[in-house]
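Look at the sequence and the 3D structure below. The paragraphs after them start from one residue and then turn to the whole chain.

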Amino acid sequence: MKWMVNTQSQIAMSQTGIIPINLKAKEIKAQGESFIHPYTEALDHTFLRPPVKRYSRIDATYIKYMTKIFQEELSVKQGLTEAAAEIDRLLKQ
């Protein structure tokens, strides 16, 4: 495992198109490769999904209510209140 993540191994594997996970290797490869740079930039702003059992349903509920808010079907206060109540129920299941 140590070999897989060391800088030289990551640079070697990047020759096959794999984006390096080692930060030093990532920086070295990003300088010379135009297609890697946008991906490495995005990695600095990634969102780690929280380890919640019903995350998919919670996310769908959030999206549903935000859509209703932006389409002005619900006021912001009412939409967020209803979304919070529904999400709370999902968290308790």
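Which backbone oxygen does the side chain of Ser-9 reach? In this predicted model, the side chain of Ser-9 comes to 2.7 Å from the backbone oxygen of Trp-3. Ser-9 itself belongs to helix α2, which covers residues 7-14. Its relative accessibility is 4%, so Ser-9 counts as buried, the cut-off for buried being under 20%. If neighbours within four places in sequence are set aside, Ser-9 is in contact with Trp-3 and Met-4.

Now take the chain as a whole. The chain has six helices and zero strands, and its elements read α-α-α-α-α-α from the N terminus on. The radius of gyration is 21 Å, whereas the globule rule gives 12 Å for 93 residues, so the chain is more spread out than a compact globule. The C-alpha trace spans about 55 × 30 × 20 Å along its principal axes.

Of the 93 residues, 28% are buried. Among contacts with a separation of 6 or more, 20% join residues 24 or more positions apart. The chain exposes about 7300 Å², and 60% of this area comes from carbon and sulfur atoms.

The structure has zero aromatic pairs. The ring of Tyr-65 does have a charge over its face: Lys-68 lies there, at 5.5 Å from the ring centre.

Key
Residues numbered from 1 in each chain as written. Predicted model: local features only at pLDDT ≥ 70, side-chain atom pairs only at ≥ 80, totals over all residues. Heavy atoms only, no water. Phe/Tyr/Trp six-rings, centres within 6.5 Å; stacked < 30°, edge-to-face > 60°. Lys NZ or Arg CZ within 6 Å of the ring centre and 35° of its normal. Helix = DSSP H or I, 4+ residues; strand = E, 2+ residues; numbered from the N terminus. Buried < 20%, exposed > 50% of the residue type's maximum accessible area, 1.4 Å probe, protein only. Polar contact = N/O pair within 3.5 Å; in protein donor to acceptor, adjacent residues only side chain to side chain. Contact = heavy atoms within 4.5 Å. Rg over C-alpha atoms; globule rule 2.2 N^0.38 Å. Areas by Shrake-Rupley, 256 points an atom, 1.4 Å probe, with all protein chains shown as cover.
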